[in-house]
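Here are a few friendly notes to read with the model open beside you. Take the points one at a time and look for each residue as it comes up.

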Amino acid sequence: ENGNDDAASYLSKADEEATASEPPLKKAKTMTRGGAVDPDVLLEKANEAIEHAKWQKWDDMFEVIESHPGCQNVRPEYRRYGAIHQAAYAGDADALRRLVEGNADPGLLTRDKETALQVAEM
């Protein structure tokens, strides 16, 4: 275990609440002017947010997410972790709370098919 008890505790509670509530929220989408989703922008911004999260630059990560809603729920194929997994790995319960409150999906899987809770419990 990596000592991320606060993060694991928060994610466990968030998982229980999500299971007891309505179906998962639809993921937000980054839109172009015409209203269509631009998957290249979404992927690019997800990668940018993940890179900030990797180095625990939370303010920079949230700035990217706020300007491109939905990118918090994208994990590019070449990345092992998404932003929520990086926060779980870092054990930052406050960053996790902000991510989940901002519609980040706690059930998003890593490349190794692990949830953020499983990452926090490692």
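1. One term first: a residue is buried under 20% relative accessible area, exposed over 50% and partly exposed in between, using a 1.4 Å probe and protein chains only. By that rule Arg79 is buried, with a relative accessible area of 12%.

2. Please keep in mind that this is a predicted model, where local features need pLDDT of at least 70, side-chain atom pairs count only at pLDDT 80 or more, and totals for chains, interfaces and linings use all residues. Residues are numbered from 1 along each chain as its sequence is written, and side-chain values use heavy atoms, leaving out hydrogens and water.

3. How confident is the predictor? pLDDT is its confidence in each residue, from 0 to 100. The protein chain has a mean pLDDT of 86, and 81% of its residues reach 70 or more. Helices here are DSSP runs (H or I, at least four residues), numbered from the N terminus. Be careful with residues 22-33, where pLDDT stays under 50. For that stretch the model has 17 contacts beyond four places in sequence, a contact being heavy atoms within 4.5 Å.

4. Now turn to helix H3, which spans residues 58-67. Its buried residues include Trp58, Met61, Phe62, Val64 and Ile65. They cover an arc of only 160° around the axis, which puts them on the same side of H3; the arc is taken from the directions from the helix axis to the C-beta atoms. Exposed Asp59, Glu63 and Glu66 sit on the face turned away from the buried side.

5. What covers the buried residues of H3? Helix H2 (39-54), helix H4 (83-90) and helix H5 (93-101) are among the elements that do.

6. Look at H3 and H5 as a pair. They pack at an angle of about 5°, with their axes 12 Å apart. That makes H3 roughly parallel to H5. Axes are lines fitted to C-alpha atoms, for helices over the stretch in contact, and angles run from 0 to 180 degrees between N-to-C directions. Angles under 35 degrees count as roughly parallel, over 145 as roughly antiparallel, 65 to 115 as roughly perpendicular and the rest as oblique. Where they meet, H3 brings Trp58, Asp59, Met61, Phe62, Ile65 and Glu66, while H5 brings Ala95, Arg98 and Leu99.

7. How many salt bridges does a search of the whole structure find? There are five, each with a side-chain nitrogen of Lys or Arg within 4 Å of a carboxyl oxygen of Asp or Glu. In one of them, Arg79 pairs with Glu51, with 2.6 Å between the closest N and O atoms. This pair links distant parts of the chain, 28 residues apart: Arg79 is in the loop between H3 and H4, and Glu51 in helix H2. Glu51 is partly exposed, at 30% relative accessibility.

8. Two salt bridges lie within single helices. In H2, Lys45 and Glu48 are three residues apart, about one turn of the helix, and their side chains meet at 3.0 Å, N to O. Lys45 is buried at 17%, whereas Glu48 is partly exposed at 29%. In H5, Asp94 and Arg97 are also three residues apart, with their closest N and O atoms 2.8 Å apart. Asp94 is exposed at 54%, and Arg97 is partly exposed at 31%.

Key
pLDDT = per-residue confidence, 0-100.
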